[in-house]
Amino acid sequence: MLPVRASTTGHQDGEGSRCKPILTTFPLVSMKHVLVTGGAGFIGSNFVRHVLQVHPDLRVINYDALTYAGNLENLADIVGNPRYRFVRGNICDRRLVDEVIREHGVDTVVHFAAESHVDRSILDAGVFVQTNVLGTQVLLEAARVAGIEKFLHVSTDEVYGSLGPAGKFTEESPLHPNSPYAASKASSDLLALAYHHTFGLPVVVTRCSNNYGPYQFPEKLIPLMIINALNDRILPVYGDGLNIRDWLHVGDHCAAIDTVLSRGRLGETYNIGGNNEWKNIDIVKVILMTLGKPENLISFVKDRPGHDRRYAMDSSKLCDELDWQPAFTFEQGIVETIQWYVKHETWWRRVMTGEYQEYYRKQYHGA
Ligand code: NAD
Ligand code: DAU
C-alpha cells in the first residue's frame, strides 16, 4: 500500500475531476520543422522522442547549449533518425538562432531551454535572468523577424507563488513568483505574451506542475532520493517535509504540450497539472518502501529559503477545451520511474560527476 496522497479531491484517473476522456495526440497541421530548445534536458528530451514517435511528418531540430543539465545520452536511441538534428547553441546567441531558423526552415518553436532548479537560483540567480529572461527575449525576437507560425513557451506553476491548504491555481490567478527561478520564468511568460499582444507573434504559454519520470537530472527531489536510497545515503528532506507538490508524469506533460501546440488558442495560457498532490515526506517514504530501504535514512535538514508551501493546478481549461487528461496513474508512474533509475545506473553515475559533486557539497554541506 502506498501512503495516502495529500489531497483526496479528484484523481488523475478522472474520479472527481472535470477532465473528459483521453485524446492525447493530434496531427500538427502544417508544422514541418519544429525547433525544440533545451531538447537535451529532462522534459525536452522526452518531448523530442514523443514528437518523432507520434508525428511521422515532422522534423525536429534540437537546439541546446548542453549546460550541466543537458545530456545527449538522453537521446542516444534516436541518433541517426533522418528527421532529427542537433545543434549545440545558446538561446542568447541571436546570430546562431537566426541562422538555425533560416537554414532548417523552422516554422514552429517549442521553448523548454532554461535554468530549471530552484535551489541553484538561490545560490546564484544571475544565469537564471540571463537564460530564462534574456534568452527567451532573443528567441521571441528571432521568431518575430522570421515569421514563425507558432511559438509555445513552456512555463511552470511556480509563477503563481504558494497556496494555503485549500484551492488551486487557475490561469487567472495573479503572478506571485517567490524564488529567483520563479521570477525569471514569470518574466519570460510576460515577455512571450507581450510579443503576442504587441507584435501578433502566435504565442501560447503552458504552465505545468512538477514533473517526474525518466532522464530527470538527480538534483531534483525524486531522482535525488531514489539515488541516495540506492546508495544507502541520507535522504535530505527540507524543513518539516510537509510541503506539497502536484506531480505529473513527464509523458503526460509532453502529450499536453502536443495538444496545446495543435489546438491551443493563440495568446492563451494553459495550466497543466496531475490533480495529484503529495507531501514531500510521503513521496520519500514511497521511494524507500519501493526499494525496500529503511526510513531511518531520512534526515530533516535546513529548509529552502522562501520555500513555497503548496502548489496545485486547476487544469480544467486544458481538459474541457482541448480534451486532454493524464494517462499515467501516479501509482504506476512512480514505480516505473524508480525501476528506470535502478536499471540506468550508468546514466546517473555519468551525470553525477565533478560539477554535480561540487553543487551537492555546497547545497547540502554548505561547503
Ligand atoms: P532541465 O534543467 O532538465 O533542462 C534544461 C535544458 O535547457 C538543458 O538541456 C540545458 O542544456 C538547456 N539549456 C539551459 N540553458 C540554455 C541556454 N542558455 N541555451 C540553450 N539551452 C540551454 O529542465 P527541465 O526540467 O527539462 O525543464 C524544461 C522546461 O520546463 C523549463 O523551461 C522549466 O522551467 C519547465 N518546467 C519544468 C518542470 C519540472 O518539473 N521539471 C515543470 C514545469 C515547467
Ligand atoms: O512546480 C514546477 C517546478 O518543479 C519546475 O518549474 C521546476 O523546474 C522544477 O525543478 C520543480 O521545482 P521544485 O522546487 O518544486 O522541485 P524540486 O524537485 O527541487 O523540489 C520538490 C520539493 O522537494 C520541494 O518542496 C523541495 C523539496 N526538496 C527538494 C530537494 C532537491 C527536499 O525536501 N529535499 C531536496 O533535496
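Here is a short tour of a predicted model, going from its sheet to its ligand.

**Stop 1: the sheet.** Start by colouring the strands. You'll find an open sheet of 7 strands in the order β3-β2-β1-β4-β5-β6-β10, with parallel pairing. Now pick residues 84–88 (β3) and 269–272 (β10): these strands stand at the edges with a single partner each, so one side of each has no neighbour in the sheet. Look along the sheet and you can follow the twist, which averages 20° from one strand to the next.

**Stop 2: a strand pair.** Select residues 33–37 (β1) and 108–111 (β4), which run parallel and are joined by 4 bridges. For one of the pairings, show Val 36 in β1; its bridge partner in β4 is Val 110.

**Stop 3**

**Stop 4: the ligand.** Bring up ligand 1 and its shell of 28 residues, where Ile 43, Asp 64, Ser 116, Tyr 181 and Lys 185 are the closest. Which element gives the largest share of the shell? That's β5, with 3 residues; α1, α5 and β7 are also among the elements that supply at least two. Colour the shell by type and it splits into 13 nonpolar, 13 polar and 2 charged residues.

**Stop 5: backbone contacts.** Zoom in on Ile 43, where a backbone N or O atom lies 2.8 Å from a ligand oxygen. Next, at Ala 65, a polar backbone atom is 3.1 Å from a nitrogen of ligand 1. Finish at Gly 70, whose polar backbone atom sits 3.5 Å from a ligand oxygen.

Definitions and conventions:
Residues numbered from 1 in each chain as written. Chains lettered and ligands numbered in written order. Predicted model: local features only at pLDDT ≥ 70, side-chain atom pairs only at ≥ 80, totals over all residues. Heavy atoms only, no water. Pairing = 2+ DSSP bridges. Axes fitted to C-alpha atoms, helices over the stretch in contact; angles between N-to-C directions. Near = heavy atom within 4 Å. Polar contact = N/O pair within 3.5 Å; in protein donor to acceptor, adjacent residues only side chain to side chain. Nonpolar A, V, L, I, M, F, W, Y, C, P; charged D, E, K, R; others polar.
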